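Thanks for sending this one over. Here are my notes, in the order I'd go through them with the model open on the screen.

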Amino acid sequence: MSKILPPQHSSHVKSNLLSKAKSFTVTDHPTTLISTISTYTNTTADPAVAFINGLLDRIPLPRWAIYTIFAAGGLLILLCCLCVCIKCCCKGKKKKKKNEQIDLKAVNGKTTTALVQPDVADVDYGSTKKQRGKLLYSLEYDGPLSELKLGIKQASSLMAMDLGGTSDPYVRVYILPEKSKTYETKVFRSTLNPVFNEQFTFQLPKSTLMKSTAVMKVFDFNRFSKHEIIGEIRVQLCNVDWNHIIEEWQELEAPAKFEEENLGEICFSLRYVPSASKLTVVILEAKNLKSMDVGGSSDPYVKMQLALDKRKWKKKKTSIKKKTLNPYFNESFVFDVSLDQIQRVNLVVSVWDHDAVTRNDPIGKIYLGCDATGNQLRHWADMLSNPRRPVAQWHSLLSAEQVNSTLTLKKKIPIPSKMKESAQQWYPK
């Protein structure tokens, strides 16, 4: 027989079952929620963000300090970009203003000359030109006395040549092409704005004056080394208005590479005979040579040198003429030069002043050959185009420095192969 429970006891059992069910539901639901959240986090995480966070964690600074540094760097970059943009805009405005000024001048009806805008290359060249300073000078000519008075007043804003940012300037003055006298001002120590106030007198007749050039060179004095040139001014005296005294400021220019000095002239003839392979040089005469001695004269002689393939080959010289600036030689010299060699040879003709005690001094020099130019090349070409006939011509002498720098002879003389073989036979290793 089955037992029937009382109503109180059955209600108690039901409440126990409900409480167990509730406890099961509460404990099971949080477990399911945790697993769902962990799955969502792992699948949606960004690796770049994780990498950046890892880098930030390695920096031994708090996050607010790192963010502040990044913000300051970004602001600095922004300011730099802004400055660049402003600078570019200002340049554009300046160019527009220049173009507007040029257009206005071109439209002006009073101007009679055509206005040409310079190219960009010209503007750049002018901006990179060295500023050597300015010199104030004066010129006055006394016709009855045939005197040229050249005054050196003062200089301004000279180029600094010393380490301390100054110079020790002085001015050297002479007249070309004669250069009979050379004057120098006194030296001023440690200044770029010296005041000289010195005047120099040259004896020049009117005919010579119109062919002359006044040269003013500013030097930096050095006691224990070569004096360095700061700049120079050259004034063509034929362009000067001598009705009044000239006094003006002028910018110093870069010094001329070679001095335009009248060294004299020489006349000689050339004759080449291809069948006999003979080159004949006849030194005829010279005139107006530069005086090298104290008495105003020289003891000149002429030296001839053949250079084959830019190497010294053969040489001869004339006799010495005593105490004259217009020597007459009329001396003949013969060189053996084959037809093949005449195409590769240069003839160097130089005039020297002989000194019995000291070293001989060069007066002037020229060279002829296929590498020559101007009158020298024309004389050489006339000789080749007229074989067996002497061709004479006058030539103006140039400075030895100028000829040597142009010709650039090699120092070593190569030994021909036949000579090498004979030398090996006589002197075996």
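Does Q402 count as buried, partly exposed or exposed? Q402 counts as partly exposed, because its relative accessibility is 24% and the cut-off for buried is under 20%. Keep in mind that this is a predicted model.

1. **Helix α7.** Q402 is part of helix α7, which covers residues 400-407. The buried residues in this helix are A400, V403 and L407. Looking down the axis of α7, you'll find these buried residues within an arc of 70°, so they line one face of the helix. Among the elements covering them are β14 (345-353) and β15 (361-369). Back at Q402, its C-alpha atom is 9.2 Å from that of I366, a residue 36 positions away along the chain.

2. **The chain overall.** Stepping back, the protein chain has 8 helices and 16 strands. It has 429 residues, and 30% of them are buried. Take the contacts between residues at least 6 apart in sequence: 63% of those join residues at least 24 apart. The accessible surface is about 29100 Å², with 58% of that belonging to carbon and sulfur atoms.

3. **A nonpolar patch.** Have a look at I59, L61, Y67, I69 and F70, which together make a nonpolar surface patch of about 500 Å². I59 sits in the loop that runs between α2 (47-58) and α3 (63-107). Its relative accessibility is 32%, so I59 counts as partly exposed. That also gets I59 into the patch, because patch residues need over 30% relative accessible area.

4. **Cysteines.** How many disulfides does the structure hold? The count is 0. For C83, the closest cysteine sulfur is the one in C80, and at 6.5 Å it is too far for a bond; a disulfide needs the two sulfur atoms within 2.5 Å. C83 counts as exposed, with 52% relative accessibility. Another cysteine, C370, is partly exposed, with a relative accessible area of 37%.

5. **Salt bridges around E232.** The whole structure has 7 salt bridges. One of them pairs the side chains of E232 and R234, at 2.7 Å from N to O. E232 counts as buried, with a relative accessibility of 4%, while R234 is partly exposed at 24%. K217 belongs here too: K217, E232 and R234 are linked in a network of salt bridges.

6. **Salt bridges of R344.** Which side chain meets R344 in a salt bridge of 2.5 Å, N to O? That partner is D309. The pair links distant parts of the chain, 35 residues apart: R344 is in the loop between β13 (328-336) and β14, and D309 is in the loop between β11 (300-308) and β12 (311-317). R344 is partly exposed, with a relative accessible area of 31%, and D309 is also partly exposed, at 36%. R344 has a salt bridge with D340 as well, at 2.9 Å from N to O.

Notes. Residues numbered from 1 in each chain as written. Predicted model: local features only at pLDDT ≥ 70, side-chain atom pairs only at ≥ 80, totals over all residues. Heavy atoms only, no water. Patch = residues over 30% accessible without salt bridge, like charges linked within 9 Å, V, L, I, M, F, W, Y side chains within 5 Å. Areas by Shrake-Rupley, 256 points an atom, 1.4 Å probe, with all protein chains shown as cover. Salt bridge = Lys/Arg side-chain N within 4 Å of Asp/Glu carboxyl O. Helix = DSSP H or I, 4+ residues; strand = E, 2+ residues; numbered from the N terminus. Buried < 20%, exposed > 50% of the residue type's maximum accessible area, 1.4 Å probe, protein only. Contact = heavy atoms within 4.5 Å. Arc of directions from axis to C-beta.
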